[in-house]
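Biologist: Hello! Could you walk me through this structure, step by step?

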Amino acid sequence: MNEKTQLRIALSLLEFLSLEEKLLLEKKLGGLEELSSLSLSQLELKVGRVLKTKVFPFLNLAAIVNRDIAIMKKLGIGALHYSDEDFPVLLKQIYDCPYMIFYRGDKSLLNQLSIAIVGSRHCSSSGALIAKNFSSELCERGFVVVSGLANGIDSASHMGTLASG
C-alpha cells in the first residue's frame, strides 16, 4: 500500500483523536515515518490540545500498521477513508463519524438502504431466533443489515442475513 494509505491506517488506530484532528494531521504530516517519530507533546502541539491518553504506540506504530496491512491483504479486507467517494453517506452524518471503515465484500452495499440490528451479547435463544428471522426477512425486502459483529443479537442477525442469500 502507498504511504498515504499507511498514514491513514496509522491515524485510524489513534482512538484518542477526533475525526477533525486526524484529517488535520493527515494534511500536516508527510507520512507514517513522521507520525512515528513524534512525541506525545509534539502531537499535542500539532492538534492544539492536551491529549488524554497514556497509550501511545508510536515506537512500534509502523510495525503495527504493516502487520495490519498484511492481515488485510490476506483476508481481503478493504478500507474506506472519510473522503473516499464510496464512504457511506449516512455514516458521515453521525456525531463522531469514523475516520476510516474497514470492510469485506461488496462496498457498494454500504450506500444502499440499510438497518442496524443491535442487542444483548447474552441473549436468550428465542431472542436470537427472532433477530435471525427478522434480519432474514428484511434482507428479502431489500435491506442491508449492518452491525458490529458482536456475539448475541448482532451475530444472530448476521446469520439471518447470510441465510437469506
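Modeller: Gladly! Helices (H or I, at least four residues) and strands (E, at least two) are DSSP runs, numbered from the N terminus. This is a predicted model, where local features need pLDDT of at least 70, side-chain atom pairs count only at pLDDT 80 or more, and totals for chains, interfaces and linings use all residues. Residues are numbered from 1 along each chain as its sequence is written, and side-chain values use heavy atoms, leaving out hydrogens and water.

Biologist: How many helices and strands does the protein have?

Modeller: Reading along the sequence gives the pattern α-α-α-α-α-β-β-β-α-β-α. The secondary structure comes to seven helices and four strands.

Biologist: Is helix 6 parallel or oblique to helix 7?

Modeller: Axes are lines fitted to C-alpha atoms, for helices over the stretch in contact, with angles from 0 to 180 degrees between N-to-C directions. The axes of helix 6 (residues 125-140) and helix 7 (residues 153-163) come within 7 Å and cross at roughly 40°. Angles under 35 degrees count as roughly parallel, over 145 as roughly antiparallel, 65 to 115 as roughly perpendicular and the rest as oblique. Therefore helix 6 is, relative to helix 7, oblique.

Biologist: Which residue has its charged end over the ring of Tyr82?

Modeller: A charge sits over a ring if NZ of Lys or CZ of Arg is within 6 Å of the ring centre and within 35 degrees of the ring normal. Here the charged end lies 4.9 Å from the centre of the Tyr82 ring, and the residue is Lys92.

Biologist: What does the C-alpha trace span along its principal axes?

Modeller: This value describes the protein along its principal axes. The C-alpha trace spans about 50 × 30 × 30 Å.
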